[in-house]
Amino acid sequence: MKAFIFDLDGVIVGTDEYHYLAWKQVASEENIYFDKKINDRLRGVSRMESLDIVLERADREYTPEEKQILAEKKNDIYKILLANLTPGDRFEGVTETLEEIRKKGYKIAIGSSSKNTPFILERLGYRNYFDAVSDGNNIKHSKPDPEVFLKAAEMLQLDPSDCYVVEDAESGIDAAKAGKFTAIGIGPAAGYVKTDIPISHFSDLLKLI
Ligand code: BG6
Ligand code: MG
């Protein structure tokens, strides 16, 4: 193996709570029920597909224009919350582990559905840190489509069979498998049937190098 491609949200940093708070505000202004269980379904899913899930509980149809406005409103709230992120919000052990992986000669990349990836990486002090960043801004199809990871491998000039993908979401594991990557599952994805290698802590990656 020559590289690790990391999902961002839920693997490197936890912005779930911020997604939750932003969607909750949008949903309550529309009088739509929303809770943490519904929020869990949004993991790895694109912004517009997330909105469709939120609107499942609405009692009327929304036009494409209305949906656009709601998605922008959610993102505005989310970005205000993201501005609170600091390097201290990187998950425990992440930087030390990435340094070790690097030292052993592996390339490291990000493969995230989020269009806010550059902003999040900057807030975390990771601007220009990764060898490649593939995110919601350069893809047409969101996870479980493998596009975001295939683009990351392409940027690294590597074959998927040379790359591990590290994911916390089932949709991300499905995407990795569809792209013929080796799928490492952490958090909720550790117990997923399609996961090749489950890990309980980010530093468990050191056992693979
Ligand atoms: C993923 C999150 O990282 O990014 C999803 O897990 C989110 O919950 C998706 O919907 C898109 O994010 P953004 O920042 O482009 O709205
Ligand atoms: Mg994730």
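The model is predicted. The protein chain is divided into domain 1 (3–13 + 87–208) and domain 2 (16–82).

- Aspartate 7 and aspartate 168 link distant parts of the chain, being 161 residues apart.
- Aspartate 7 sits in the loop between β1 (3–6) and α1 (16–29), while aspartate 168 sits in the loop between β4 (163–167) and α8 (170–178).
- Both aspartate 7 and aspartate 168 are buried.

- Look next at β4, where five of five residues are buried.
- In a regular strand, side chains alternate between the two faces of the sheet.
- Both faces of β4 are covered, with Cys163, Val165 and Glu167 buried on one side and Tyr164 and Val166 buried on the other.
- β1 and β4 run parallel and are joined by four bridges; alanine 3 has cysteine 163 in β4 as its bridge partner.
- β4 also runs parallel to strand β5 (residues 182–185), again with four bridges between them.
- Glutamate 167 finds its bridge partner in β5, at glycine 185.
- Together, β4, α8 and β5 form a right-handed β-α-β unit.

**Helix α1**
- α1 has 14 residues and spans 20 Å from its first C-alpha to its last, close to the 20 Å expected at 1.5 Å a residue.
- The buried residues in α1 include Tyr18, Tyr20, Ala22, Trp23, Val26 and Ala27.
- Among the elements that cover the buried residues of α1 are α2 (36–40), α3 (47–54) and α4 (64–82).
- After α1 comes asparagine 31, which has a positive phi, near 60°.

**How the two domains sit together**
- Domain 1 is made of two stretches, 3–13 and 87–208, and domain 2 covers 16–82.
- The centres of domain 1 and domain 2, taken over C-alpha atoms, are 24 Å apart.
- Contact between them involves 13 residues of domain 1 and twelve residues of domain 2.

How values were computed. Residues numbered from 1 in each chain as written. Chains lettered and ligands numbered in written order. Predicted model: local features only at pLDDT ≥ 70, side-chain atom pairs only at ≥ 80, totals over all residues. Heavy atoms only, no water. Helix = DSSP H or I, 4+ residues; strand = E, 2+ residues; numbered from the N terminus. Buried < 20%, exposed > 50% of the residue type's maximum accessible area, 1.4 Å probe, protein only. Pairing = 2+ DSSP bridges. Right-handed = clockwise from strand over helix to strand, strands pointing away. Expected span 1.5 Å × (residues − 1). Contact = heavy atoms within 4.5 Å. Domains from an automatic or database assignment.
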